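Have the model open while you read.

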Amino acid sequence: MAAVKSYVDVFLSPSMQHYISNNTLIGVWWNKATAAFWRPDFWLPAGLRWEDLVDTDDLRYPNFHDVCVYPLFLGVMLLLLKNFIVVPFLLDPLARLAGIPNNRPHPPVPSKVMEALYLRHGHMPPKEALKEASDMADVSTRQAERWLRRRRALAKTTVYEKFIECGFNLLCHTSLTVYGVKMMYSKPWLWDISETWDNYPHHHVDDDMWWYYVAGLSYFWASAFLQVHSPGRSTFDKVQMMLHHLFTVLLMMFSWSCNFTRAGSLVLLLHEVADVPLLTAKMLTYAGISAFTDATFVVFIVSWAVTRCYLYPFWLMKEMFMQTDDYFQTPAFNFLYTLACGLLVIDLVWTFLIIRVVMRKVTAGSLQDVRSDGEGVTTDKDEDESWRAKNKTE
């Protein structure tokens, strides 16, 4: 905002910037595209121009490229930190201490015929397809069934991998929550929600707010990268997580660009708190420590209900919809409304899944992964029984 600039402004000298922008075809096209994208009538309230939002000694506005360049770089650095420091020196020893071995099942004997059958039908194909594939592979039907079970077991996420993933996420969410609470405690809009819009858009972005946004976006980018390669998760679970990351990243970037950082910081804080007890409960479950799991799960349920089911829709979103006047109704702010509603829909879907888990725990006495119904582990015996049941119905 302080200066709506292209990427060349970040890396090149002023003289080179001037030459590229005014003497090359790419520079001219880029300037036209930038001017069209950053139209003041889209981003700013009526009567304001970007020239009205220039940094002063006492007032610093958000710079869009701060949330484009730094989080991507720091997200990659966070992944490197995870793989080379956090996992080998902290999470792996913790998993061994909890008695969780890093063992994966042995892969089945390579077979193009059986692999094609698995990719087409999964581990429970129709009888006719199984018989045809077993004949082509010159194995018995029983051997083909065993091959498919081993192939499925190879593709599933192990308990060790789940423990490592939860441990990394727990460290990140705990850090963001602690920093967010410490940072937001001194902000007036945490205690008086009307301060979120007071004197908009002339809101100063101080260093702690800058780091809160950059750190949050860095984690969500790193988590999105990890979702691309996450074997063992169901497609439904992957879609949920990717949509959540997409809505969160877009919401934070748009709130930054429109200088709605006060509302954006509240959204981020409300969506961080409940993840800490959730991930703690899951790690305790994977480690087989049942003494504190139920208590931690109760803390998660209460924090989820308070932050995502009450404060987010009935405190923050209510303020966004009911207390903002026509001065705020820009196309960019309406898009923020849409993103906030999309995030609420995802929260409601997860709330439904959590209620299912609670009911399952009440009736069966076992705690499953919340928001990851597709991650359950089944044994060969279970798969064999389900296979026989399927064959009886066909």
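## A histidine and its surroundings

Leaving aside its neighbours within four places in sequence, H271 is in contact (heavy atoms within 4.5 Å) with R308, Y312, L343 and D347. H271 sits in the loop between α13 and α14 (275-286), where helices are DSSP runs of H or I with at least four residues, strands are E runs of at least two, and both are numbered from the N terminus. At a relative accessible area of 6%, H271 is buried (under 20%; exposed is over 50%, partly exposed in between, with a 1.4 Å probe and protein chains only). Its side chain also reaches the backbone oxygen of V267 at 3.0 Å.

A word on the source: this is a predicted model, where local features need pLDDT of at least 70 and side-chain atom pairs count only at pLDDT 80 or more, while totals for chains, interfaces and linings use all residues. Residues are numbered from 1 along each chain as its sequence is written, and side-chain values use heavy atoms, leaving out hydrogens and water.

## The fold overall

The protein has 17 helices and zero strands. Of its 394 residues, 45% are buried. Take the contacts between residues at least 6 apart in sequence: 80% of them join residues at least 24 apart.

On a 1 Å grid over the protein atoms alone, a cavity is a set of points where a 1.4 Å probe fits but cannot get out, whereas a pocket is an open set with protein on both sides within 12 Å along at least five of seven lines; lining residues have an atom within 4 Å of a point. The structure holds five cavities of 30 Å³ or more.

| Space | Volume | Lining by class |
|---|---|---|
| Second largest pocket | about 270 Å³ | 12 nonpolar, two polar, one charged |
| Second largest cavity | about 70 Å³ | eight nonpolar, two polar, no charged |

Here Ala, Val, Leu, Ile, Met, Phe, Trp, Tyr, Cys and Pro count as nonpolar, Asp, Glu, Lys and Arg as charged, and the others, Gly among them, as polar.

Which helix gives the most to the lining of the second largest pocket? That's α9, with six residues. α5 (69-97), α9 (159-184) and α11 (207-228) each supply at least two.

The second largest cavity is lined by residues including V267, F260 and M320. Two or more of its lining residues come from each of α12 (235-257), α13 (261-270) and α16 (331-364).

Notes. Points joined across faces, edges and corners; volume = space filled by probe spheres on them. Polar contact = N/O pair within 3.5 Å; in protein donor to acceptor, adjacent residues only side chain to side chain.
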